[in-house]
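Take a moment with the sequence and the 3D view. Then follow the text from the sheet to the charged pairs.

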Amino acid sequence: MKYNSVFDIIGPVMVGPSSSHTAGAARIGKAARNLFGKQPKWAKIHLYESFAKTYRGHGTDFALAGGLLGFETDDPRMNDALKIAEDEGLEIEFIEDSASADHPNTARLIIGDEKDQQELMGISIGGGKVEITELNGFELRLSGNHPAILIMHNDRFGAIASVTRILAKHEINIGHMEVNRKDVGKEALMVIEVDQNIEDSILKELKAADHIISISKIVS
């Protein structure tokens, strides 16, 4: 593994006990909340491999709840996140899934409210770092460490160009970009990591671009 700084080794500032099982889990939960665009009313969380075996003892359960509530990894309320979630009407069910997973610290979050539903898979790769590997059936690779926009669009000529043209106009640099589609001419997903948080006014402009269905963002 390549380390960029000492913080990659010692982990983030956090409520413990584990950078992988607690801080990483909190970041997966928060990524799910950010991409959903609001606090969900319910969550069904499938835990795999090591997460499934140790989630109570290592704080993975309250960390995922804290992330869904929007808490940072060092939020002093983290240990009480399950009770706070209950008080705020967020119903959470943890499922110890026996299916195999590519990584031992894997969670699948199915969250929703009265209108919307979202499914996300995330893995905690160590030191509090995470990767989002699936969103609503689309495979992706999203670190969560940089600002990003996720754009659902129709798989049509000009859709990608219309988005990149707007970003260029506002002098927003793209650090990483990938596009995934389920079938030719159907829905597709653009994942764009950028060097700065995207202002809401630019998001509105992007939503009006050609063939765009919906947009969500992750802030740094």
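What follows is a short walk through strands, a helix and side-chain contacts.

This is a predicted model: local features need pLDDT of at least 70, side-chain atom pairs count only at pLDDT 80 or more, and totals for chains, interfaces and linings use all residues. Residues are numbered from 1 along each chain as its sequence is written, and side-chain values use heavy atoms, without hydrogens and water.

Start with the sheet. Strands of a sheet pair through backbone hydrogen bonds, either parallel or antiparallel. Here four strands make an open sheet, ordered 8-9-7-10, with antiparallel pairing. Helices (H or I, at least four residues) and strands (E, at least two) are DSSP runs, numbered from the N terminus. Two strands pair if DSSP finds at least two bridges between them. Strand 8 (174-181) and strand 10 (212-218) each have a single partner strand, so one side of each lacks a neighbour in the sheet. On average, neighbouring strands are turned by 15° against each other, direction ignored. Axes are lines fitted to C-alpha atoms, for helices over the stretch in contact, and angles run from 0 to 180 degrees between N-to-C directions.

Seven bridges join strand 8 to strand 9 (residues 187-194), and the two run antiparallel. Arg 181 stands opposite Ala 188 in strand 9. Helix 7 (residues 200-207) packs on the sheet and touches strand 7 (148-154) and strand 10. Contact means heavy atoms within 4.5 Å. The direction of helix 7 makes about 155° with that of strand 10.

Now turn to charges. Side chains of opposite charge can pair when their charged atoms come close. The whole structure holds 11 salt bridges (a side-chain nitrogen of Lys or Arg within 4 Å of a carboxyl oxygen of Asp or Glu). One of them joins Lys 30 and Glu 72, with the closest N and O atoms 2.2 Å apart. Lys 30 lies in helix 2 (residues 19-36), and Glu 72 in the loop between helix 4 (60-68) and helix 5 (81-87), 42 residues apart. Glu 72 is partly exposed, at 44% relative accessible area (buried is under 20%, exposed over 50%, partly exposed in between, with a 1.4 Å probe and protein chains only).

Arg 56 and Glu 96 form another salt bridge, 3.5 Å from N to O. Arg 56 is exposed at 59%, while Glu 96 is partly exposed at 48%.

Arg 77 pairs with Asp 75 at 2.8 Å between the closest N and O atoms. Asp 75 is buried at 13%. Arg 77 is partly exposed at 42%.
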